[in-house]
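I am opening a notebook page on ring pairs and on one helix. My entries follow in the order in which I looked things up.

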Amino acid sequence: MAFEPPQRLVRALGETPDGDGSTADWLERLPRLAEAALDRRAVRAQRVQAPGGRSSLVVLVQYEDGTPAVLKLAPPQARPDRELAALAHWGGFGAVRVLDTRHHGEDGALLLERLQPEVSLRSLPEAKALLEACGTLRRLWVKPPDGHPFETVAERTSRQAGALRAAAEEGGAGAGAESAALVEAALAAREELTAAPAEEQLLLHGNFRQGKVLAGDRAPWLAVGPEPVVGERAYDLARLVRDRPEDQVASSAGAAGARRRVNKLADSLEVDRDRLRGWTLFRAVESGTRALAAGRRRDAELLLEFATWL
């Protein structure tokens, strides 16, 4: 079959800085990479998942005996080796299970158990979705393996803070005057949080939100697509706080509703409220500024408006 990458993937990777052309080269080679990955693992393709993700090609596949699975291919810059390490460490507890690791070193592809890609926590009413999300996070937050390959929260956010500061200094191409105060507040929050870091150093999902938790057969809900990082729980929970920003911005609760959400989630998972608010602010502004620079103005406006409520 033809492995044409979904346009969503092509657009998203096009927004990522690619000074050496490696991402464009990977996209060009992707059909051949997918065919080779299937052959190595003795599975056959059924269809490409569309619209799919923003960082990888997902192919629904079958073993010869009809057992369903998923083949996931991501560019080397996405560090699929770290995703594999995190999933292997979780061992299917709270997250999708890895089915085959024998060939990963050859092509970076992941062969995973098949979940229900069309059914995520976003299909549930908001209160139920947050309850299930919190239960999933409790299972994922574990001690990382010895000698792990993961970034720390301080390392990841240091790089992001540098890009955020540069975008603010450049003006229109990044944060711009309209959000300069937000950028400064986000950078100050990150500086304070990393200057007095929490003692806990746990393996975190790194990009946890309702859309990253899918329905399964082995367990009702399992996390997918980690961008693993090691650090405090408040950092991981911060991405969930701002989930469904379009609904939150459209509601009449405004700032009071955003603060209630922070407090409710913090209390549910015994996370410090102030640290959760700080990380939520930093992550919302950082994501909003990147969206603005990439021309996704609607996304940027939602994120930055939400950030003003914190």
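Helices here are DSSP runs (H or I, at least four residues) and strands are runs of E of at least two, numbered from the N terminus. I noted that this is a predicted model, in which local features need pLDDT of at least 70 and side-chain atom pairs count only at pLDDT 80 or more, while totals for chains, interfaces and linings use all residues. Residues are numbered from 1 along each chain as its sequence is written, and side-chain values use heavy atoms, with hydrogens and water left out.

Entry on aromatic pairs. I found three of them in the structure, where rings of Phe, Tyr and Trp (its six-membered ring) pair if their centres lie within 6.5 Å, with planes under 30 degrees apart called stacked, over 60 edge-to-face and the rest tilted. Tyr235 and Trp279 have ring centres 5.4 Å apart and planes at 85°, so I wrote the pair down as edge-to-face. Because Tyr235 lies in helix α8 and Trp279 in helix α11, the pair ties together parts that are 44 residues apart in sequence. Both Tyr235 and Trp279 are buried.

Conventions
Buried < 20%, exposed > 50% of the residue type's maximum accessible area, 1.4 Å probe, protein only.
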